[in-house]
Structure formats: C-alpha cells, structure tokens
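Look at the sequence and the structure together before reading on.

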Amino acid sequence: MDTDRHGNVEAAFSLPNELIAIVFDELDIVSLLRCKQVCQLFRSVIITNAQLLYKAELFFGRFENGRHCNLDTAGRLRACRQYQQAWNNLSFPDSKFIDMQGGHAWELSGGVLCQTMQSRSGLACVQLPCKIKDIPEREWIVNDFGFEIRDFTVDTSQDLIVALEVVGSIPNRTCNVHLRTLMTGEHHPMTAVPFVTHLLSDMHEELRFLIQVCGPRIAVLCQDRGDDPNSRLVVWDWKSGQQKLYIRDTDLRSFSFVTEDLILVGIVESDETPPRLDILSIDSFGNESEEYKDVSYICGLEYPKMKADVLDMLIRSEPTPGWSPSQTVQTPFFFARSDRIFAITMRLSPESNSTEECTVLIVPLSTIVAQVELSHNIRKRIVPWMQWGPNGSYMLLRSPSEVWVCYVHGMKFIQLLPWKKGNSARVYDFNKYAARRDVRNEQTTEPKLLWKRLGMPQSLNSRCSAFAEEVNTYLPGRVATVEVMPSDTSHDWEAAMIGEDNIVLVSVSLPIRLV
C-alpha cells in the first residue's frame with residue numbers, strides 16, 4: 001500500500017502543470033485552498049493559473065460567474081479584483097445626478113432605477129452604469145400604459161414589469177396586476193393572460209402594496225391602513241395566471257421570497273406572544289383563501305419578548321433567489337444567490353417611552369434554511385428567540401427610510417447618518433469572508449481600510465426599551481462610515497439606497513445622486 005501511495009504521489013508530481021490545474025478546477029473551493037497548502041508545486045500551480053485564482057475570488061467575494069460576457073478569464077479576474085478593491089476602499093470616482101420625475105412610485109432593482117412619471121401612466125428608466133463591469137448607462141421611457149400605475153416592481157432578468165391598477169369603487173373595487181415588458185411596456189410574451197385580477201371588496205382607500213417577483217411567481221401583499229386594518233397576500237404563477245396562495249389576516253405584516261417555493265412572512269399577533277418570522281411553503285396551499293390561524297407554516301422564528309406595540313414591520317431582501325443579470329447586460333460576475341440577508345425593520349411604541357423606536361434585524365438566508373431543515377416534517381414548529389437569534393442574526397437600533405426602502409442588497413445594508421446632514425452613510429457588510437480578509441490586511445503593510453470588524457455581542461437594551469429580555473446578537477461581518485458627499489455640500493439628503501454596483505442618495509427636492 002505504501003508503495004502504491006508513493007507511486008501515486010510521484011505520478012502526480014510528474015504531470016504537466018496545465019493538467020494539474022485542470023484537475024484542481026474540478027475541486028470545491030475548500031479542497032482547492034487545502035491543496036494550496038500541500039507543497040510549493042501545488043501552490044505555484046494555483047497562484048499562477050487565472051482560472052483557479054478567479055474561482056477563489058468569486059468565492060471570497062460571494063459572486064457567480066456571468067454567462068454572457070466576452071471577457072476571457074484573465075480579464076474577469078482583473079475586473080473582479082478591481083471591483084472588490086473599489087468596495088473595500090469605498091472610493092467613488094464617478095458620480096452623477098438623475099432627475100426626479102415627480103411621480104409617486106419608484107423601484108431600484110437589478111441595476112435599473114425606474115420612476116413613475118407625473119402622468120402616473122408611464123415609467124422613466126435608467127440602467128445604472130458600472131465602469132469596472134463595463135455596464136453602460138442607458139435611459140429609456142416606457143410611455144402610456146393606458147392606466148394609472150398605483151404601484152409596480154420590475155424583474156430585469158425576465159424583462160418584466162408588474163404594474164398594479166386599482167379600478168372601481170367600494171364595494172366593487174378590484175386590483176388588476178398587469179404583466180408588461182420592461183423595455184417596451186407591451187404585454188409580456190411569456191404570459192398566458194395580459195393581467196390577473198384580485199377583488200378588494202372589503203378594503204378601503206388607505207392601501208399599501210408590497211410586490212415581489214421570484215422566477216415564475218409574483219406575490220402581492222395588499223394592506224388596508226384604515227381604522228379596521230387587514231392584509232391579503234396573494235401569489236400567482238404569472239406565466240399561466242394561476243393563483244397559488246391566498247391568505248387574509250390582520251396579523252400578516254410583510255413578506256419576502258426565500259426560494260421559489262418558500263416565503264418568509266412577518267406575523268404580529270394581538271395577544272402577548274412576540275412577533276414571528278414564519279416560513280411558508282407555497283406548494284402546500286390550494287386555490288381557496290385561508291385565514292392565517294388555519295395556515296400550516298413550516299416554522300416560526302420568534303422575536304425576543306417585548307414590552308412595546310408593533311406599529312409597522314417591513315421585510316426587505318434583494319435580489320430575489322431567481323434573479324440573474326439580463327442577457328443584454330454582459331456582466332462578468334454578479335452577486336451569488338447562495339446567501340443574502342433579510343432586513344426586517346420594526347417600528348415600535350414602547351410602554352415606558354413616548355418616543356417611537358425602530359429596530360433592524362439582519363437575518364442571513366443560511367439561518368432561515370437551517371431552521372427549515374431542522375423542522376423536517378414537523379409543522380408549526382415554534383423556535384424561541386434564544387434558540388436562533390443570538391448567534392444567527394444581528395440587531396441594530398436604526399431608523400431607515402419608510403419610503404426609500406432599497407437599503408439592502410446581497411450581504412450589504414446601508415443607513416444614511418442624519419446628524420451629518422446626510423453627507424455620510426454607514427455601510428454594513430455581512431460577508432464573513434470579506435471580514436476575514438480585512439484581518440489579514442491589518443497584519444500587513446497595505447493601506448488601512450475604512451472597514452472595522454463587527455465586535456462581539458453587545459446588549460441592545462441600554463439603548464432600546466422595547467424588549468422585556470436581554471438582546472445580544474452577533475454575525476460575522478464588517479462596518480464602515482463613508483462620506484458619500486463632500487462635507488461642505490449644502491444639500492440635505494433624505495435617504496441612501498444600495499445596489500450591487502452603486503450607492504444612490506435621494507432627496508425629494510433634488511435630483512437623485514448616483515455614486
């Protein structure tokens with residue numbers, strides 16, 4: 001056996017380096033990095049091969065390789081390193097202003113900023129540029145849709161606009177969910193019906209909509225904000241027009257897709273139980289409407305016990321799990337769909353304080369998936385806060401904008417700092433591999449980065465009076481404060497948004513600033 005093993009080792013060392021590299025390219029990233037530590041030969045093969053280096057850069061940056069890019073591997077490697085260096089240094093050499101259109105609805109998704117026009121029946125769209133990825137800026141107008149757009153969302157990967165139209169009056173009001181192409185506004189060729197309709201018979205004027213697309217499915221949450229609030233969550237297969245899920249309940253506050261089949265919903269019940277994040281399987285529902293008390297959810301992740309009323313809850317996560325860049329954008333790489341964060345914002349009214357408080361709970365996809373796997377075939381499994389929250393989430397006392405809500409993308413979260421006249425922002429990055437690389441940077445003579453590692457768990461209770469138990473949370477990551485506008489600028493910006501390639505500053509009275 002020893003002789004055979006010795007012979008195999010000698011045979012490996014006698015192979016051409018190019019063949020060794022081909023073998024290494026079949027390995028997963030962990031095995032590849034281990035091979036780098038075996039001997040000088042293996043290390044030399046890995047650090048001199050563009051494909052293997054690019055594979056490692058994709059892993060540490062949490063990227064996927066783009067399928068529609070003409071760059072060779074060496075070019076992609078160079079772009080990937082430049083891109084990560086730009087985010088590490090938080091340097092923004094290029095910026096521009098984008099005019100506000102005076103409309104009432106907008107969306108930032110897939111690197112495209114869309115706004116309704118003053119007529120409320122058309123959209124102004126801008127593809128945000130990125131020099132490193134060779135993504136050009138492009139502007140276009142989607143003219144008159146033929147109806148007033150109440151709200152909308154877009155999916156650039158499917159050239160899709162989902163636009164809502166509310167027609168009729170109480171008690172015969174309906175919501176038409178139109179399915180159009182993003183580039184032309186025409187009826188989408190992949191759908192069997194031009195729109196689907198949902199009856200709003202018992203809902204009033206103060207309506208708020210939350211819309212999300214995930215592959216072949218669209219979900220719409222309609223919330224009545226009047227004196228008798230209630231909510232409805234409906235999911236359709238937009239290509240066939242078939243309804244997949246319909247839930248109606250006052251306890252349902254927000255949602256976001258986890259996968260094409262799983263949805264994360266925010267539940268705030270009227271009794272003394274803490275708020276929950278429940279995970280539902282769409283495929284387990286029929287066509288009939290259900291009240292939430294009858295829903296057989298997979299598991300529910302409880303918040304800490306509270307001594308406050310929940311005024312509002314919003315779940316945000318971008319991009320959705322089914323998203324990938326459009327073929328028209330030849331990006332060399334893009335954010336990996338294997339992990340991302342969910343930002344759950346809750347506005348609270350503590351019993352002992354007349355001042356409202358706001359928390360943002362950051363929950364990575366991996367935390368949610370782990371709890372789903374632990375649930376197996378047990379339905380309605382309740383997971384107390386102490387079993388999942390302290391080491392599977394990160395809670396901030398922050399108050400992000402209620403209007404400009406695109407403050408999360410991938411593993412990053414951004415918050416404008418109002419006490420600095422909106423000229424600075426705090427950026428959180430929960431990519432643990434980026435944080436580990438920062439540690440190595442601190443041990444070298446390279447220029448110091450703006451990023452600081454997130455410290456060990458600290459109690460939130462000294463600054464937040466809404467919780468009845470100790471709240472300590474921790475996730476690996478890093479945080480940086482960056483000046484996004486010169487300090488002598490007289491403008492007061494209202495919010496900061498973040499995309500994969502850009503930071504966007506917003507003020508209603510000023511053009512949008514892109515950096």
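Two strands count as paired if DSSP finds at least two bridges between them. The model shown here is predicted. In it, β26 and β27, the latter covering residues 412–416, pair in the antiparallel sense over two bridges. Across this pairing, V408 stands opposite F413 in β27.

These strands belong to an open sheet of five, which runs in the order β26-β27-β28-β32-β29 with antiparallel pairing. Which strands stand at the edges? They are β26 (408–409) and β29 (452–453), and each has a single partner strand, so one side of each is left without a neighbour in the sheet.

R478 lies in strand β32 (residues 478–483) and D429 in strand β28 (residues 424–429), so the pair links parts of the chain 49 residues apart. Are these two residues buried or exposed? R478 is buried at 2% relative accessibility, and D429 is buried at 3%, because buried means under 20% relative accessible area.

Side chains of opposite charge can pair when their charged atoms come close. In this model the count of salt bridges comes to 14. One of them joins R120 and E148, with the closest N and O atoms 3.6 Å apart. R120 is in the loop between β4 (112–117) and β5 (123–127), and E148 is in the loop between β6 (138–142) and β7 (151–155), so the pair ties together parts that are 28 residues apart in sequence. R120 is partly exposed, at 35% relative accessible area, and E148 is partly exposed too, at 46%.

D312 and R208 also form a salt bridge, at 3.2 Å from N to O. D312 lies in strand β20 (residues 308–316) and R208 in strand β11 (residues 207–214), so this pair ties together parts 104 residues apart in sequence. D312 is buried at 12%, whereas R208 is partly exposed at 24%. Elsewhere, R248, E291, K293 and D294 are linked in a network of salt bridges.

Now turn to the surface. D271, E272, D309 and E351 gather there in a patch of negative charge. D271 lies in the loop between β16 (262–267) and β17 (276–281) and is partly exposed, at 43%. A nonpolar surface patch of about 330 Å² is made by L15, L19, I22 and V23. L15 is in the loop between α1 (2–14) and α2 (17–24) and is partly exposed, at 34%.

Terms used:
Residues are numbered from 1 along each chain as its sequence is written. This is a predicted model: local features need pLDDT of at least 70, side-chain atom pairs count only at pLDDT 80 or more; totals for chains, interfaces and linings use all residues. Side-chain values use heavy atoms; hydrogens and water are left out. Helices (H or I, at least four residues) and strands (E, at least two) are DSSP runs, numbered from the N terminus. Patches are made of residues with over 30% relative accessible area and no salt bridge: like charges are joined within 9 Å, nonpolar side chains (Val, Leu, Ile, Met, Phe, Trp, Tyr) within 5 Å. Accessible areas come from the Shrake-Rupley method with a 1.4 Å probe; for residues, only the protein chains shown count as cover. A salt bridge is a side-chain nitrogen of Lys or Arg within 4 Å of a carboxyl oxygen of Asp or Glu. Lys and Arg count as positive and Asp and Glu as negative; His and the chain ends are not counted. The place of a charge is taken as NZ of Lys, CZ of Arg, CG of Asp or CD of Glu. Buried means under 20% relative accessible area, exposed over 50%, partly exposed in between (1.4 Å probe, protein chains only).
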